[in-house]
Amino acid sequence: MRTLMHFIAGRATPGASGRLSDVYDPNTGKVQACVPLASLDEVNAAVADAKAAQVGWAATNPQRRARVMFEFKRLLEVHMDELAHRLSAEHGKVIADSRGDIQRGLEVIEFSCGIPHLLKGEYTQGAGPGIDVYSMRQPLGVVAGITPFNFPAMIPMWMFGPAIACGNAFILKPSERDPSVPIRLAELMIEAGLPPGILNVVHGDKLAVDALLDHPDIKAVSFVGSSDIANQVYARGAAAGKRMQCMGGAKNHGIVLPDADLDQAVADIVGAAYGSAGERCMALPVVTPVGEATAVALREKLIAAIGTLRVGVSTDPDAHYGPVVSAQHKARIEGYIAQGVEEGAELVVDGRGFSLQGSEEGFFLSPTLFDHVKPHMGSYQDEIFGPVLQIVRAETFAEALDLPSRHQYGNGVAIFTRNGDAAREFAEGVEVGMVGINVPIPVPVAYHSFGGWKRSGFGDLNQYGMDGVRFFTRTKTVTQRWPKGGAVTDQSFVIPTMR
Ligand code: NAD
């Protein structure tokens, strides 16, 4: 059995706690490796190394830091295939989708290559007599990121790209379920010229996370995962005086207006609902047709489209999606399907009981479709995070606007229409952080920022883009005066003003 290692101070470091967690191959259902779970002492040692290394890195000029990012981006491209296969083997998503996972992270690295420009402060000449004011963005020191299983390449890069480019040292605590790609990313950063100790990967569970949250030398923590844990992590880190950003779960709605291009909408919705087995925080697990005629036509087309989907192992180039991540998660999704039936929703297509020939022990589920799901149902209110699509019908535009707005989650939403007025009104009014207009998965590009509302995001600043730079730096503002000829001004006991 392979035992994975931490990556600390620029090298693979064996776990010393004696605690291990199994890493499965979701395609076969078998354990393929184990990963060490760090002790408090191991976390503390990693933070101490990072703290010592950070001083030199912060003093390196931003253009040199950008060169490391450029080289890392090149290495990601060179190793794309290897990384994608590694990712699929632990996560279960199909190879093409793993490439997308890496590519979306790479795009944040591309953004981080612009760090010399992004860190430029503001300057005001002549704010008063002989007075100039300027601001600078300085790194925080040692910062940490805690990431979920579903994007083991993209989400670590959302965080460590901007954090490291800004001059911080970074401790990554990736998901223990698919830890291999994060280790490989850290190795490639060293190969790209990053000094040892600036990017560290410490595996672990709640113990390691709490150790990071309580550590006085960790200045900021970025978290992505489920909402209850995001909320707890946010509260604990904030109580310890840290800057926090914690992204949580989701239940994104796709609104279909009567004038939508229905064939295009169905193609988009099916891809966004079932792609990656529904294990995306920007998946579309709810579809809301407006009006009876739209609902009838949409339902018919969805059933037909679902009938063409192919579930397969992650290396199957023809598979639309692969297994879910674990046996427990599969059982949880099946539990929600049973709950939906008990609650009175109509189970139109049942994905349970699916067995893939040759991979009978894999964690597979075929697509499930529910109709006549109602807002009071628990299976609608909760995030299922699997290949389950729920139709929640609305009579009017106002009702369709209300559904995602009133839902506990507010990550993403999409509207399908040809009506610009309606789309504009929807985008302006809906209480959700990211909106797609005829775009099913509106994950913002790397130079904008990613973040949901309500229970999908705790904290202020979003991930990556300028918010990422703001989150991982603090602003210092300098007011300087150089009086002409060294003239002495009278003492004053009044607050200086610009009268
Ligand atoms: P998770 O909450 O189980 O785990 C996330 C991280 O927290 C992991 O590193 C895990 O080891 C750690 N963790 C687990 N239990 C903990 C505890 N009690 N205390 C401290 N840390 C703990 O999430 P997951 O199952 O890995 O990922 C799926 C979830 O993440 C879904 O809810 C999904 O919507 C969400 N997600 C959100 C976004 C977003 O940006 N909003 C993006 C991707 C995934």
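Val 201 sits in strand β10, which spans residues 199–201; helices (H or I, at least four residues) and strands (E, at least two) are DSSP runs, numbered from the N terminus. The model is predicted, so local features need pLDDT of at least 70 and side-chain atom pairs count only at pLDDT 80 or more, while totals for chains, interfaces and linings use all residues. Residues are numbered from 1 along each chain as its sequence is written, and side-chain values use heavy atoms, with hydrogens and water left out.

- Val 201 is buried, with a relative accessible area of 0%; buried means under 20% relative accessible area, exposed over 50%, and partly exposed in between (1.4 Å probe, protein chains only).
- Leaving aside neighbours within four places in sequence, Val 201 is in contact with His 6, Phe 7, Ile 8, Leu 172, Pro 174, Pro 182, Ile 183 and Ala 186; contact means heavy atoms within 4.5 Å.
- The C-alpha atoms of Val 201 and Gly 128 are separated by 49 Å, and the two residues are 73 residues apart along the chain.

**The ligand**

- The ligand is surrounded by 28 residues, and the closest are Lys 173, Glu 176, Arg 177, Ser 226 and Glu 383; a residue counts here if one of its heavy atoms lies within 4 Å of the molecule.
- An N or O atom in the side chain of Glu 176 is 2.7 Å from an oxygen atom of the ligand.
- A backbone N or O atom of Gly 225 lies 3.3 Å from an oxygen atom of the ligand.
- For Ser 226, a polar side-chain atom lies 2.6 Å from an oxygen atom of the ligand; a polar contact is a pair of N or O atoms within 3.5 Å.
- Taken alone, the ligand exposes 840 Å², and the protein buries 90% of that; accessible areas come from the Shrake-Rupley method with a 1.4 Å probe.

**Lys 173**

- Lys 173, one of the closest residues to the ligand, is found in strand β9, residues 169–173.
- Lys 173 is buried, with a relative accessible area of 4%.
- Not counting residues up to four places away in sequence, Lys 173 touches Gly 145, Ile 146, Thr 147, Val 202, His 203, Gly 204, Ala 208, Val 209 and Leu 212.

**Helix α12**

- Helix α12 covers residues 327–342, has 16 residues and reaches 23 Å from its first C-alpha to its last, close to the 22 Å expected at 1.5 Å a residue; the expected span is 1.5 Å times one less than the number of residues.
- His 329, Lys 330, Ile 333, Tyr 336, Ile 337 and Gly 340 are buried in α12.
- Just after α12, Gly 344 takes a positive phi of about 100°.

**Positive phi in two loops**

- Phe 385 is in the loop between α13 and β17, and has a positive phi of about 65° although it is not a glycine.
- Phe 385 counts as buried at 15% relative accessibility.
- Tyr 464 is in the loop between β22 (457–459) and α16 (465–471), and has a positive phi of about 50° although it is not a glycine.
- Tyr 464 is buried, with a relative accessible area of 3%.

Terms used
A polar contact is a pair of N or O atoms within 3.5 Å; within protein, one must be able to donate a hydrogen and the other to accept it, and residues adjacent in sequence count only if both atoms are side-chain atoms.
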